[in-house]
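Please walk through this structure with me. We start at a loop and end in a core.

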Amino acid sequence: MKQQGASIRTDWSVKYGVMFLLKVEVEASVKKPKLFSSLLSANGRKVQEILYELEIDVILIEVNVYYGEGNDPEYLKINPLGKIPTLVDYQIILTESNAIMIYLSEMYGVNNLYGTSPCQRAEVNKLFFGK
Ligand SMILES: N[C@@H](CCC(=O)N[C@@H](CS)C(=O)NCC(=O)O)C(=O)O
């Protein structure tokens with residue numbers, strides 16, 4: 001009897017446990033921000049540095065624009081300019097590396113990477129807008 005009970009529990013956990021784990025994985029992957037970029041891209045690496053600093057778990061999707069992957073019709077639906085990086089998070093599709101960095105800092109930045117006062121932010125903006 002005991003063994004039978006154990007096997008019922010095993011059946012349950014195999015069937016529903018796996019389904020539960022799959023559900024958790026799918027939900028987690030849906031909620032994770034997605035970054036379309038390439039390690040070869042300086043603008044992409046700037047964004048990746050911020051993701052790293054803020055410990056944001058991201059799904060990185062390699063788009064090698066240097067081999068024309070930016071012109072893939074599927075990618076053009078996300079970023080009509082065909083450039084990288086592009087961040088997709090919840091409802092927002094965001095291009096422009098500096099705008100993405102500000103968004104990430106404001107959305108997830110418990111450590112105030114972007115600064116808290118107008119003066120601190122002005123210093124950061126100088127780096128964004130300077131040539
Ligand atoms: N101002 C944009 C520049 C984006 C950009 O030019 N990205 C380059 C890679 S670093 C790119 O996608 N080049 C491919 C192309 O221009 O077709 C930003 O800061 O994100």
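Leu-40 counts as partly exposed because 13 C-beta neighbours lie inside 10 Å. By the cut-offs used, 20 or more other C-beta atoms within 10 Å make a residue buried, 12 or fewer make a residue exposed, and partly exposed is in between, with C-beta atoms placed from the backbone. This is a predicted model: local features need pLDDT of at least 70, side-chain atom pairs count only at pLDDT 80 or more, and totals for chains, interfaces and linings use all residues. Residues are numbered from 1 along each chain as its sequence is written.

Leu-40 sits in the loop between strand E1 (34–37) and helix H2 (42–53). Helices (H or I, at least four residues) and strands (E, at least two) are DSSP runs numbered from the N terminus. Val-65 is 25 residues from Leu-40 in sequence, with 9.2 Å between their C-alpha atoms.

Now follow H2 to its partner. Asn-43, Lys-46, Val-47, Ile-50 and Leu-51 in H2 meet Ser-97, Ile-100, Met-101, Leu-104 and Ser-105 in H4. Contact here requires C-beta atoms, placed from the backbone, within 7 Å.

Which residues touch the most other members of the largest nonpolar core? They are Leu-35, Val-47, Ile-50, Leu-51, Ile-100, Met-101 and Leu-104, out of 14 residues in that core. Such a core is a set of buried Ala, Val, Leu, Ile, Met, Phe, Trp, Tyr and Cys residues joined through C-beta atoms within 7 Å. E1, H2 and H4 each supply at least two residues of this core. H4 gives the most, with five residues.

Beyond neighbours within four places in sequence, Ile-100 is in contact with Val-47, Pro-85, Leu-87 and Leu-94.

Notes. Contact = placed C-beta atoms within 7 Å.
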